[in-house]
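Trainee: I am new to this structure and would like to learn how to read it step by step. Could you please show it to me and then take my questions in turn?

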Amino acid sequence: MKISRETLQAALCKRGPVWVPSDAGRWTAVQALPELGPIRPRRPVKDLFTPPRREIARWKAGAGPAEIQPAKPDETPGSVFGVRPCDARALLLLDRTFLQAPYVDPHYKARRDNLLLIGVACQPGPTCYCGVFGFGPDDKDAVDVMLTPEADGFVAQSGSPRGQAFLATVEAGAAVPVAAPRPGPKPEWWTGLPDPKALYANFDHPMWRELGTSCMNCGVCTQYCPTCQCFTVDDESFKGEIQRLRIVDNCQRSDFTRMAGGHNPRQVAASRLRQRVMHKFSYIPTQNPGLVGCTGCGRCVDLCPLDRHLFADVFEIMKRINQEAERVA
Amino acid sequence: MNQALREAVKHLFAEGKVKSVLGYREHPLSKAVVATLITRPEDADTLIFDDRCVQNLARGLSRDLPLPVGIVVKGCDGRAVSMRITEGDFAREQIVAIAVACPGVKADGKNLDERCQRCEMHVSPLADVTVGDVSALPKPEKTRAETIAKIKAMTPAERFEFWQKAFEPCTHCYACREVCPLCSCTVCVTDQNSPRWIEQTAKPSSNLMWHMIRAFHHAGRCVDCGECQRACPEGVPMHLLDLCLAEDVEELFDFKTGIKQGGKWPFLMFDPQDPDSWLGGPHRG
Amino acid sequence: MLRDPLLPLPARISERIDETADTVTFHFELLDEAERKAFRYLPGQFGEISAFGEGESTFVIAGDPAKPERLTVTTKRVGAHTEALHHLYAGAVIGFRGPYGKAFPVAEWKGKDIVIAGGGIGLAPLKPIICHVLNQRADYGKLTIVYGARSPNDLMYAADREIWAKALNTELVVTVDKGDANWKGREGFVPAVLRATAPKAENAVAITCGPPIMIKLTLPVFKELGFPAERIFTTLEMKMKCGLGQCGRCNIGPYYVCKDGPVFSVAQLQQLPQEF
Amino acid sequence: MSENFQPRIVGFLCNWCSYAGADLAGTSRLKVPANLRVVRVPCSGRINPLFIFKALEEGADGVMVSGCHPGDCHYISGNRYAKRKLAVLRRLLDWVGIEPERIHFTWLSASEGARYAVEVGEFVDKVRSLGRRNPMARQGVAS
């Protein structure tokens, strides 16, 4: 159905805070729906669900044990406007980590339960490759409502029962035929997803070392990746005020796996690069058939200071492995 | 250019002067220019140099590479390699500098980078081999003084405000540190936790702390390659602060980083004539 | 309401034992009575301990699983957090969350001989097994414990060792790398002493834990003695921050040490990439 | 900022000269403003710029650094290296908008107890006259 910008805005504002990507690409709560850029914002939407700095508890130094105050999950109903399918799909992967019993993250769950995901179809950029993973820029499977911008508003489709219920509450515009889903972009060199088992079987391949020489382990790719969720737990304190925090961390840092005694299983740069590739393209798909730890948003390609294309690298590895296998055969 | 570069590299291999070469190649799939390490002369044919070669490869140098290692250097990269040799990271004979005549690079693919507009060093001062036409290189369009003039003109309160705003988007990802050819500490101050000098999460105090320490550590060492700023996913203009301090170091110690081989970093030496006036009163405004 | 799995439970240190110059054992109890009464753990499981204000780190619970109200950890001073812990004495409040991880399959070991080879602080994760076997003495065969440390001053658990030495059907062999003037016991490295002790491998399981180099040299001795890889167990140490399989750092290949370990048989380890 | 504003000052004093000078001021019963909290360091050359940044971040309004007179350094030339570092540090503070006057450097020998008292007094007055708290001071655990 058709829905005007004003109607949508009113309905969303009535529900609660509306989170949108700001001009700087960060998610902020606003009162009026902004004009979105053509492509995904710089920060993935995971920031709202698993923020880089999340309080677990706080207390005063020297206070009794009863005074440890656990942070309260934010249960304010609201909505996120402008979610792109790649980011929304990534949330399905994060759900697997944070909503899996017995260790459910109440903060993540509260946000997931209370924020309505309003997707907006995007215009893929040159580094996007969501098509590789079988969906496109207007995919509605992981959002509650998917909007396709039109001259004077949007064409809305529901992607979930929650989305359907929401659309039922807004003043319905004219019913319009829904266009067929657009295919997502794929790199021209793409011929198929790497086989997770073949990748894992080549854990000790010399290729990793070679790839390691052109990576500086800056970790920008992980920080902006919509599916990366690694964190650390630490305290910060100032003049007797102490916060226990869950802080974003990333597997590219040499400190990530270094133990207090000094032993570090992933000491060299290449092993950390391998960890990232393996986690996304081998470990996750092996343990969750049908899922891949990447949604093709292309942020890592855009932001890499060394202009690397991780996916192209994986592809190159697989090509070489296959060639070697053929030669042996 | 590419042909000359490849010939030069093959020549170095043939003469046994290098065991490996760090250079640029075009990724066969993504078509982006990426760093590459070649260890066989025949791979020299993958090497390229053009205005897409924005990275500073000096960061990739390591004693674990097959030495001596050749490295394709632009002007700024060469200064960085030179500084690393000065600091004792490498012996001079472990490095073969393949200097390319660099008219400047275009990170966005269209316009000359800001850092290149004020470049006075289009050819590396450290050069074992020089490739390309060094006679036809552009003159700087801008000066460092012009770049930092706006900061100079501010009052202290305005400056503080300016940097607070500039550092605000910092997420402490430390990409600026990872790409910096001279960030060579074994354990970075950000990773020390006993005591913890810089808190891990982003907030006004830790942002300022990190960028001040970063700038201070680079005083007299920064080679103005501007990689920190280019790598920053949030576009924090941290390199501006490096430039401010570079001006001071030149004024105080008459030291220009990485231009001259040998010598010492100004903090590792002193002159009994160093004036006491350095330590008193406001020095500007 | 859901409880944040990262939220520590306050606990009070009831006893502190300085084992060696840099190793301290803390006995502590959860403050909340209901939590304390409900708490259970198995040999080999671990928990996260907080010195409030300094963060958290991971320790295996080194107590007697039959007395779950009295929790025990043995800590070695290696970093900022353990340094802070070592400033704490009886009465101080610390944070605890757990238990996490897979335990040693002690139930499957019933009727078998148990051989334990521990080095230094590596005895800590093995202690609950010893306690468990001694508690249920009739269920298990002979218990052999080979324990080594660098010097007599580095030997831990003096009081426990006295009990173990007198326990039924138990052989305790204590060795040090290098003795001092007062040392009357054995000298020699754990692998060599284990070889000399020669426990029989038939119907027996072996468990080892200690510094990486000791484990590396002990495994071939077990093999020599006839233990198949399926019956040799060890517990791995990796940096962990959550214990829940979420923080993403303790994986070896697709397995998380916190969730799928920390207890592994050598047969399982042989299937994994050598990244630990 | 009122006349009653009491700035918090951290003093890094070298063990061999300046700390002994401060001690002398004390034993001579000289009046030294109580605004100064002293940290004894082995040499002014030991003062890592981090110490000063951290002091400012934790809320110090000024930092006083004092070492032996040139030529008198117990470690021969530690104070001369310190001078170079501090010269750049003052300029860095200036660039980021923190008044360089918040950092006071002085050479002070073990016999100069009286001058120590005067220097501290003057420095406290100067920091007070800057008219604002150190902008770098943290306000809370999340700031």
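**Reading the chains and the sheet**

Mentor: Of the five pairs of chains in contact, chains B and D share the most contacts, where two residues are in contact if their C-beta atoms, placed from the backbone, lie within 7 Å. This is a predicted model, in which local features need pLDDT of at least 70, side-chain atom pairs count only at pLDDT 80 or more, and totals for chains, interfaces and linings use all residues. Residues are numbered from 1 along each chain as its sequence is written, while chains are lettered from A and ligands numbered from 1 in the order in which they are written.

Trainee: How many residues of chain B are in contact with chain D, and which helices of chain B supply residues to that side?

Mentor: The size of an interface is often given as the accessible area lost when the parts come together. Here the description is by residues: 33 residues of chain B are in contact with 32 residues of chain D. On the chain B side, α5 (156–167), α7 (204–218) and α9 (238–253) each supply at least two residues, and α7(B) gives the largest share, eight residues. Helices (H or I, at least four residues) and strands (E, at least two) are DSSP runs, numbered from the N terminus.

Trainee: Which classes of residue make up the side of chain B that touches chain D?

Mentor: Ala, Val, Leu, Ile, Met, Phe, Trp, Tyr, Cys and Pro count as nonpolar, Asp, Glu, Lys and Arg as charged, and the others, Gly among them, as polar. By these classes, that side of chain B has 26 nonpolar, two polar and five charged residues. In contrast to this pair, no contact joins chain C and chain D, whose closest C-alpha atoms lie 12 Å apart.

Trainee: What pattern does chain D follow along the sequence, and in what order do its strands form a sheet?

Mentor: Strands of a sheet pair through backbone hydrogen bonds, either parallel or antiparallel; two strands pair if DSSP finds at least two bridges between them. Chain D has four helices and four strands, which follow the pattern β-α-β-α-β-α-β-α along the sequence. The four strands of chain D form an open sheet in the order β2-β1-β3-β4, with parallel pairing. Its edge strands are β2 (36–41) and β4 (103–107) of chain D, each of which pairs on one side only. Within the sheet, β1 (residues 9–14) and β3 (residues 62–67) of chain D pair in the parallel sense over five bridges, and D:Phe12 has D:Val65 as its bridge partner in β3(D).

Trainee: At what angle do α1(D) and α4(D) pack, and which residues meet there?

Mentor: Axes are lines fitted to C-alpha atoms, for helices over the stretch in contact, and angles run from 0 to 180 degrees between N-to-C directions. Helix α1(D) and helix α4 (residues 113–129) of chain D pack at about 95°, with their axes 7 Å apart. These two helices, α1(D) and α4(D), are therefore roughly perpendicular to each other, a term that covers 65 to 115 degrees. In α1(D), D:Gly21, D:Ala22, D:Leu24 and D:Ala25 meet D:Gly113, D:Tyr116 and D:Ala117 in α4(D). By class, this contact of α1(D) with α4(D) has five nonpolar, two polar and no charged residues.

Note on methods. Parallel < 35°, antiparallel > 145°, perpendicular 65-115°, else oblique.
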